[in-house]
Amino acid sequence: MLILDALRSCLLAGVVLGLVPVVWWWFKGRKQAKFTLYFGLIRPKKTRQAAFMIGMYGLIWGMTHLPYLTQYTQPSASLYAGMGSAAILPILIISFIQTGFLEEFLFRGFLNKRLVSRFGVYRGVLLQGVIFGTLHVLLASNVTWLSGMIIFTTTLLGGLVLGLLSEKTFQGSILPGVFLHGLGNMIINLIQAFS
C-alpha cells in the first residue's frame, strides 16, 4: 500500500509540477531548444568548482537538517516515522522522483532557467530561490511564524545553491541537483523510518 501511495503521489506531482513547464516549452521554447536542453536534462560537464559547490550544498543541507530544525523543514518525513524497512522503497520513490526530479525539473530546469535568461544569473537564481522557499511555506500545514521562517530560510538556501550548481557549476545541467536533492530527502526520511 505504501508503494502504491508513493507512486500515486508521484503521478499527481508529475501532472502538477510538470504540466506548466511542458506546455510552456511546447508553445514558447520548442523552437529555441530541444526538450532536454531547454530543461537542463543534459549530461553535466565537470568543472573545477564542482567539489566545492557540492560540499557547500552538503554543509547547508547538514545545518538545515539538524534534529531541531527537521521537525519544521521535513513534515513529510514523519509519514515514515518508525516504519523501518517497509518504508525504504516508498522513500526512494518519493525522494528521487517526486522531490528530486520533479521539483528540480520545475524550479531549476524551468523557472531558474527562464529567470536567469531574463534577469541574469544571480538575480534569476535569487528570485527562483525566493519562489521555491515561499511555495514550500504555502504548501506546508500547521505553519507557525517560527516554522514558516525556518522552512522559508532552509528551502531558500537549498534553492540558491541548487540553482547556482545548475547554472554556474554544471553548465545548465539539473541532473546533479536532482541527485543531491533526492539524496538529501532520502537520508532524512530513512532516519525517521528507522527511529
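1. What share of the contacts in the protein with a separation of 6 or more comes from residues 24 or more positions apart? Such residues account for 77% of those contacts, where a contact means heavy atoms within 4.5 Å.

2. Before reading further, please note that this is a predicted model, in which local features need pLDDT of at least 70 and side-chain atom pairs count only at pLDDT 80 or more, while totals for chains, interfaces and linings use all residues. Residues are numbered from 1 along each chain as its sequence is written, and side-chain values use heavy atoms, with hydrogens and water left out.

3. The protein has 8 helices and 0 strands, counted as DSSP runs numbered from the N terminus (helices being H or I of at least four residues, strands E of at least two). The order from the N terminus is accordingly α-α-α-α-α-α-α-α. Its radius of gyration is 16 Å, close to the 16 Å that the globule rule gives for 195 residues, so the protein is as compact as a globular protein of that length; the radius is taken over C-alpha atoms, and the rule is 2.2 Å times the number of residues to the power 0.38. Along its principal axes, the C-alpha trace spans about 50 × 35 × 30 Å.

4. Of the 195 residues, 45% are buried, with buried meaning under 20% relative accessible area, exposed over 50%, and partly exposed in between (1.4 Å probe, protein chains only). The accessible surface comes to about 10700 Å², and carbon and sulfur atoms hold 72% of that area, as computed by the Shrake-Rupley method with a 1.4 Å probe.

5. The largest nonpolar core has 14 residues, and those with the most contacts inside it are L17, Y38, F39, L106 and F107; such a core is a set of buried Ala, Val, Leu, Ile, Met, Phe, Trp, Tyr and Cys residues joined through side-chain atoms within 4.5 Å. Two or more residues each are given to this core by α1 (2-29) and α5 (88-119), and α5 gives the most, with 7 residues. A second, separate core of 11 residues includes Y57, W61, F170 and I188.

6. Is G62 buried, partly exposed or exposed? With a relative accessible area of 30%, G62 is partly exposed, and this residue lies in helix α3 (residues 50-64). The C-alpha atoms of G62 and R123, which are 61 residues apart along the chain, are separated by 25 Å.
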